[in-house]
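I opened the model to look up a few contacts. My notes follow the display.

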Amino acid sequence: MIELILIFFGLIIILLLLSRAVSRLLLSLLGQTVANIAVFPGVFVHEFSHLIGAILTFTTVYGFSLIPEETDEGEIVLGKVTHADIANPFKKIIISTLPILGGGITLYFLGRLFMKKVILASCLI
């Protein structure tokens with residue numbers, strides 16, 4: 001059991017490192033503006049999932065933004081949901097992890113949509 005947990009966290013670390021590497025590569029190849037446009041659909045799904053999580057947990061939402069902005073540290077934030085402070089750990093977990101579910105659901109339906117088109121196109125050939 002402990003081996004599975006270590007493998008899981010090892011894979012998470014590898015995924016995070018790969019994600020950062022791909023982001024840096026995309027940024028260097030395309031430039032900031034084009035890279036922002038390229039990742040916009042994912043940012044939308046991610047932030048919208050946080051928003052849905054806040055609404056489902058009855059957490060007050062103060063703001064929702066998909067406009068990139070630079071922080072004081074010089075980092076670019078592509079989107080954000082601003083909500084009330086949460087003391088309940090279950091609400092925090094729901095709001096913070098819902099993008100995993102939202103992204104998965106989005107990929108599932110996009111896959112079904114495109115697979116139908118691929119199957120239909122192959123039948124016509």
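This is a predicted model: local features need pLDDT of at least 70, side-chain atom pairs count only at pLDDT 80 or more; totals for chains, interfaces and linings use all residues.

Residues are numbered from 1 along each chain as its sequence is written, and side-chain values use heavy atoms, without hydrogens or water.

I looked up the helix pair first. The axes of helix 1 (residues 2–30) and helix 2 (residues 32–56) come within 7 Å and cross at roughly 130°. Helices here are DSSP runs of H or I, at least four residues; strands are E runs of at least two. Axes are lines fitted to C-alpha atoms over the stretch in contact, with angles from 0 to 180 degrees between N-to-C directions.

I then listed the contact residues (heavy atoms within 4.5 Å). Helix 1 gives Leu-26, Leu-27 and Leu-30, and helix 2 gives Gln-32, Val-34, Ala-35 and Val-39. Just after helix 1, I found Gly-31 with a positive phi of about 90°.

Next I checked Val-45, which is in helix 2. Beyond its neighbours within four places in sequence, Val-45 contacts Gly-102, Gly-103 and Thr-106. Val-45 and Gly-103 are 58 residues apart in sequence, but 6.4 Å apart in space, C-alpha to C-alpha.

Last, I searched the whole structure for salt bridges (a side-chain nitrogen of Lys or Arg within 4 Å of a carboxyl oxygen of Asp or Glu). I found one. Glu-69 and Lys-80 form a salt bridge at 3.0 Å, N to O. Glu-69 lies in strand 2 (residues 69–70) and Lys-80 in strand 4 (residues 80–83), so the pair ties together parts eleven residues apart in sequence.
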